Amino acid sequence: MRQAADLAVEFLAGLAERPVGRPIHPDELRATLGGELPDDGEPPEKVLAHLATDADPGLVATAGPRYFGFVIGGSLPVTVATEWLAAAWDQNAGNYPASPAGSVVEEVAGAWLASLFGLPATASVGFVTGGTMANFTGLAAARHAVLRAVGHDVGFRACSTRRASRWWWARRPTPRSSSPCGCAGAAIVCAQAGNVNTGAFDPLREIAAATAKRDAWLHVDGAFGLWAAASSALRHHVDGIEGAQSWATDAHKWLNVPYDCGVVFVADAAAHRAAMTVTASYLVRGAGEAYTPYDHVPESSRRARGLSVYTALRSLGRNGVAELVDRCCAMARRMAERLDSAPGVTIPNDIVLNQMQVRFAAAGDDDAEADRRTAEVIAAVQRDGTCWAGGTTWRGRHAMRISVSNWSTTEEDIDLSADAILRCAASAGVQV
Ligand SMILES: Cc1ncc(COP(=O)(O)O)c(C=O)c1O
């Protein structure tokens, strides 16, 4: 364990300096990591040393300060240390008797998050693997509630096949109310807080008013955008958010805890439990009102995901979270200003949060040529290794995507990265 700690500290100390993920062919990794399963085991120290050496060329510095792909976030050091402890404790945080501490820490961290985001204090909370499962869980609760309201019981575990849910939707529309999209029957509306290409927000107050009128369930996907609620400068983007019925977010993105950790909140705690709970005669519960994680997530056995959320929030405090979010947005604006000043570079979206797109064109390029040139610059940036940015298609046009969501990104990192991007653009014929 001390060897692993030394290896981890060494990795983290060099994280900002290593190339940020140059392409590597899987065969190169198979050559050192692969082979037949050995008949006899090897000493653990040797196995760890091998893993650290052989995995290294395939590690991407996603946790480093110049990784701008997808929406990744890094890991606050206190949260990495928390995960070491969590592995040592090896708690099964599915139910209270198996881990009273795991259960109460999730209860506390969940309540802190609800308060940070301005969600109802009575909302129930579940810690899942990420935004995808947070959306899945919120929508399962939604499905349960809207169909129960029209006389159907589709508890997630009682009727869990996709085909079954499609059948209910397709064959049992109910005329009792009409949805905002004009189709008859129970309705679930999904709004977005933070578009992955632009950072833009749906008008949540208006949507919540429209869904309330029609008895529809409003679910908000705020995988990273919900964190705007923590900042007084950005909170207006999520105005009206408390009018929704369920919310999904990620902790592994903007809170900067290690992968994987997403969070779901549901206003109707009974619907949440009814959609998720698991029962069996051997599954005993805690005394009194103990919080039972597996009432709120689609898993039974699970790791204690809430621990690093707890230590992140406790070490940052309300002000520290706001500062982290504001700082990333300021870094995104700095990047946009640096790039936008080059004649052949355009930023097609307003920088309302931490996300931006970048397009590159040479003099005389039409849209299709600019698409190709943009792809060429993205590939060159990825080969260069100073920073990492991916691509996207938005409104039919190709663009580089940049997301600034890492706690450790400095102005110097932004400047180094902007210089590298402009250098790659110049070599692709773009006037910079
Ligand atoms: C808006 C939004 N929703 C959902 C997701 C999926 O989240 P995860 O990858 O944590 O499952 C993402 C990921 O970037 C996202 O940006």
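1. Before going on, a word on what we are looking at. This is a predicted model, where local features need pLDDT of at least 70, side-chain atom pairs count only at pLDDT 80 or more, and totals for chains, interfaces and linings use all residues. Residue numbers start from 1 along each chain as its sequence is written. Helices (H or I, at least four residues) and strands (E, at least two) are DSSP runs, numbered from the N terminus.

2. Back to β5 and its neighbours. Five bridges join β4 to β5, and the two run antiparallel. For the record, two strands pair if DSSP finds at least two bridges between them. Strands of a sheet pair through backbone hydrogen bonds, either parallel or antiparallel.

3. How covered is β5? Five of its five residues are buried, where buried takes 20 or more other C-beta atoms within 10 Å of a residue's own, exposed takes 12 or fewer, partly exposed is in between, and the C-beta atoms are placed from the backbone. G262, V264 and V266 point one way from β5, while V263 and F265 point the other way, and all are buried. In a regular strand the side chains alternate between the two faces of the sheet.

4. Have a look at G126 too, which lies in strand β1 (residues 124-128). G126 is buried because 30 other C-beta atoms lie within 10 Å. Leaving out residues up to four places away in sequence, G126 touches T137, V264, P293, H296 and V297; a contact here is a pair of C-beta atoms, placed from the backbone, within 7 Å. By contrast, the C-alpha atoms of G126 and H152, 26 residues apart along the chain, are separated by 24 Å.

5. Now the other sheet. Four strands form an open sheet in the order β6-β7-β9-β8, with antiparallel pairing. Its edge strands are β6 and β8 (390-394), each of which pairs on one side only. Strand β6 (residues 345-346) is joined to β7 by two bridges: V345 has F360 as its bridge partner, and T346 stands opposite R359. On to strand β9 (residues 397-403), which four bridges join to β7; M356 has I402 as its bridge partner there.

6. Helix α11 (residues 367-384) lies across β7, β8 and β9, running at about 35° to β9. Axes are lines fitted to C-alpha atoms, for helices over the stretch in contact, and angles run from 0 to 180 degrees between N-to-C directions.

7. Which way do α6 and α9 lie relative to each other? The axes of helix α6 (residues 131-149) and helix α9 (residues 269-276) come within 8 Å and cross at roughly 105°, so the two are roughly perpendicular. The cut-offs are under 35 degrees for roughly parallel, over 145 for roughly antiparallel, 65 to 115 for roughly perpendicular, and oblique for the rest. T137, A140, A141, H144 and A145 in α6 meet A271, H272, A274, A275 and M276 in α9. The residues of the contact of α6 with α9 divide into seven nonpolar, three polar and no charged. Here Ala, Val, Leu, Ile, Met, Phe, Trp, Tyr, Cys and Pro count as nonpolar, Asp, Glu, Lys and Arg as charged, and the others, Gly among them, as polar.

8. Some backbone spots are worth a second look. Most residues other than glycine have a negative phi, and most peptide bonds are trans. A cis peptide bond joins Y259 and D260, with omega about 0°; D260 sits in the loop between β4 (246-250) and β5 (262-266). D90, in the loop between α4 (77-89) and α5 (100-117), has a positive phi near 45°. D90 counts as exposed because it has 9 C-beta neighbours inside 10 Å. R395, in the loop between β8 and β9, has a positive phi near 50°, and R395 is exposed, with 10 other C-beta atoms within 10 Å.

Terms used
Contact = placed C-beta atoms within 7 Å.
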